[in-house]
Structure formats: structure tokens, C-alpha cells
Amino acid sequence: MVDFVKRISGVNPRKCMKCGKCSASCPAYDEMEYHPHQFVDMVETGRLEELMNSKGIYTCLSCFACVERCPRSVEPAKLIEAVRTAVVRQQDKTHLKPDAIPALLDDELPQQAITSAFRKYRK
Amino acid sequence: MTYSYFPGCTLKTKGKDLDRYARISATALGFELDEIPQWQCCGAVYPMSKDEIGTRLSSVRALISAKEQGRELVTLCSACHHVIKRVNGDVRNDEQIRDKVNRYLKLDDAYSGETNVLHYLEVLRDRIGFAALKEKVTNPLTGMKIGAYYGCLLLRPGKEMGFDNPENPTILEDFIRAVGADPVIYAKRNECCGGYCTIENRNYAKKQVDGIMENAKAQGAQMLITACPLCMYNLKENATDGLEVKYFTELLAQALGLKEE
């Protein structure tokens with residue numbers, strides 16, 4: 001599974017020099033139990049199970065602040081996406097079901113929001 | 001000059017103003033947006049997983065359509081721009097993705113990323129020129145203090161988007177000057193609005209938006225402008241005590257004297 005995550009993300013976590021700039025830049029920092037720099041370390045040390053069960057994988061906004069600012073081009077957002085993908089691609093592990101959508105809508109919500117959430121939360 | 005144009009799903013529905021004002025302004029500025037026939041939704045988020053081909057195809061189809069017309073492809077929604085520009089980069093630079101996409105679509109002429117993707121703002125800056133735009137302004141928005149809200153999708157990752165300096169952008173501020181108003185610089189103009197997470201966790205988006213609004217107000221902004229329908233939604237609906245927010249194209253049309261009051 002670690003190989004799968006590395007392969008589909010294209011990220012080499014060993015490049016990380018643990019400066020913490022990704023976590024310092026991250027708008028989702030308070031919403032995550034494992035912050036981006038920890039996330040990279042946990043992939044490297046094989047702690048995928050914990051990451052796959054963490055709620056933080058659904059709070060990454062994909063704003064690419066960590067990707068932009070990483071001095072080693074590790075690109076943590078791609079790892080977070082890969083771990084979330086590994087979860088939601090499993091049968092019955094979708095994070096957002098179509099039946100749940102109507103209750104979440106309001107008159108102003110743009111189609112873009114629903115499309116984005118579906119692409120992120122289910123496969 | 002005629003460009004191929006990809007409006008995207010939201011510009012046909014909740015974001016009609018972004019599209020409408022862009023089209024009438026384009027005509028007044030001497031360029032045409034020719035909507036791609038039978039375009040498909042871009043998917044709204046860029047598929048970061050390298051093994052996903054299906055989620056890249058709608059972008060590739062739009063890019064091919066522009067190539068067949070021999071035109072550049074113009075986008076307007078920040079999300080569409082982000083997705084289509086990056087997928088084009090993948091087809092250009094990633095041999096595996098290029099190969100799989102071409103095999104899947106069974107193309108007579110292989111597509112290798114030839115189409116140039118431009119955001120509407122890039123057309124204004126690089127093709128029309130902000131100086132020329134300023135000359136066409138008949139109704140300058142003198143005295144208005146406007147904060148540019150970039151958000152994330154237009155700017156990052158800077159290496160792939162090539163749009164502006166991702167940490168200190170100027171394109172929207174230059175646009176604001178061109179329409180006769182005063183740009184207000186504030187630190188959080190390139191922070192994320194909360195994006196799609198508002199669907200599940202509105203308080204999370206509220207926290208983002210309140211921070212952005214507080215910062216913009218402290219610097220003296222009276223209004224924010226954006227190019228993204230989801231930013232527009234979050235900034236308007238999730239602000240505790242927010243500023244007025246408009247699409248940049250509405251301001252453009254207003255300055256060109258095209259907006260009916």
C-alpha cells in the first residue's frame with residue numbers, strides 16, 4: 001500500500017527535510033490530527049493505517065500552499081490525495097453518498113462545489 | 001481575434017454573471033469568445049493521482065477542440081482554468097499520461113498538449129493590454145477601494161499555472177487600476193476560501209472567510225472581486241460580517257459602460 005501511495009502520487013517522502021513549512025502554511029492545520037509534515041513522515045515510516053483512518057484526509061482543501069512553499073518539492077498535498085484515494089476507491093468506503101446531497105444544498109450553492117466534493121470524496 | 005471558450009458547468013447556472021459580463025466586455029474590447037461545441041464539465045478539481053485517466057478526458061476533449069479550430073483556449077472560472085491548464089501540462093510533460101489518453105480517445109491526430117490555455121485575465125493583460133483597456137474605459141470607477149481576492153486555484157502551483165507570482169500577484173491589482181479604482185493589498189488575498197469543504201463543514205469555511213474579510217477590511221477594502229464561483233459563494237454566504245463581493249467581469253462591464261443599472 002505504501003508503494004501504491006508513492007506511485008500514484010509521484011511523491012518521494014524521503015526528500016523531506018522536516019522544516020515544517022507545509023504545516024505552517026496549511027489552512028487545514030487545526031482540522032487535521034496529523035499535520036502535513038507528519039503526514040509525509042508517516043508515509044515514509046509505513047504508518048498508513050492510521051492515516052487512512054484519520055478524518056484529516058477529508059479536510060485538505062487542495063489549495064496547494066504546501067506544494068508551492070515546500071523547499072524540497074515534496075508536495076504533501078499529493079500524498080494526502082493519494083491516501084484519500086486509496087480509501088475511497090474501496091467498495092463501500094465512499095465518503096459522500098449521492099443520497100446525502102439534497103440535504104446539503106441551498107439556493108446559492110454552485111454546481112462547482114458539488115462536483116468538487118464528489119471528485120474528492122468518492123470514486 | 002477569436003478564441004475558443006470553455007465556460008464550464010457553473011457559468012451556465014449559478015455563475016451566469018461571471019460569463020455574461022465577460023462576453024459583452026469581450027465584444028467591446030474587440031475579441032470574440034466562441035464557445036466549444038458540446039463541452040463537458042472539467043470535474044472542478046485537478047486529479048492529482050497519476051493513474052487517473054478518465055477524470056482528465058473532458059479537459060483533453062476541450063483542448064483538442066480548440067486545436068482543431070487552430071485557436072487558443074480561453075477559460076474564465078478559476079477551477080476550470082486550473083484543471084484544464086494542468087491537464088494540458090500533464091499531456092505535454094508526462095509520457096505515460098499522454099500515451100494513455102491518446103490510446104483511449106483513439107485519435108487520428110495525436111494530441112500532445114499543443115493548445116495554449118489562457119485565462120480571461122491573461123487575455124486582458126497579455127493580448128489587449130491594461131493600458132489599452134484603460135483607454136476604453138468610459139465609466140471609471142474612481143475612488144472605489146477594491147481588494148483583489150485571488151484564492152488558490154489561479155496561482156498555485158506557480159510552476160504549472162504560470163499565471164502570476166504566486167506569493168505576490170499583481171494581475172488583479174493592475175486590472176483594478178485599469179478600470180479606474182484603487183487596489184487594496186492585503187495578506188490573505190491568496191489564502192483558500194474553504195472551497196468544497198463548506199459542504200460538510202460550514203464552520204471551517206466560515207473561519208477561512210472571516211479571516212480573509214477581517215484582513216481586507218483592516219487594509220481599507222470596500223469590496224472584493226473574484227474570478228471563482230465557489231470563492232464567491234463562500235465569501236458571500238459564509239461571512240459573518242462581510243464586504244460586498246463581485247465578479248471581476250461585472251466591474252469590467254461597468255467600467256466599459258455596458259452594465260445596465
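User: So which domains is chain B divided into?
Analyst: Chain B has domain 1 (2-120) and domain 2 (130-255); the bounds come from an automatic or database domain assignment. Before we go on: this is a predicted model, where local features need pLDDT of at least 70, side-chain atom pairs count only at pLDDT 80 or more, and totals for chains, interfaces and linings use all residues. Residues are numbered from 1 along each chain as its sequence is written, while chains are lettered from A and ligands numbered from 1 in the order in which they are written.

User: How many residues of domain 1 of chain B are in contact with domain 2 of chain B?
Analyst: 21 residues of domain 1 of chain B are in contact with 17 residues of domain 2 of chain B. In contact means that the C-beta atoms, placed from the backbone, lie within 7 Å. The centres of the two domains, taken over C-alpha atoms, are separated by 23 Å.

User: And which helix gives the most to that side of domain 1 of chain B?
Analyst: That's α1(B), with eight residues. Helices (H or I, at least four residues) and strands (E, at least two) are DSSP runs, numbered from the N terminus.

User: Where does the chain go around α1(B)?
Analyst: The chain crosses from β1(B) through α1(B) to β2(B), a right-handed β-α-β crossover. Right-handed here means that, with the strands pointing away from the viewer, the path from the first strand over the helix to the second runs clockwise. Strands β1 (residues 2-6) and β2 (residues 32-35) of chain B pair in the parallel sense over four bridges; pairing takes at least two bridges found by DSSP. B:Tyr3 has B:Leu33 as its bridge partner in β2(B).

User: Switching to the four-strand sheet: what's its order?
Analyst: β6-β5-β7-β8 in chain B, an open sheet with parallel pairing.

User: Why is one side of β6 and of β8 of chain B left without a neighbour?
Analyst: β6 (182-184) and β8 (244-247) of chain B stand at the edges with a single partner strand each, so one side of each has no neighbour in the sheet.

User: How many bridges join β5 to β7 of chain B?
Analyst: Three, between residues 145-148 and residues 223-226, running parallel. B:Ala148 has B:Ile225 as its bridge partner in β7(B).

User: Last topic: how many residues does the contact take from chain A and chain B?
Analyst: It takes 30 residues from chain A and 34 residues from chain B. On the chain A side, α8(A) supplies the largest share, eight residues.

Technical notes
Two residues are in contact if their C-beta atoms, placed from the backbone, lie within 7 Å.
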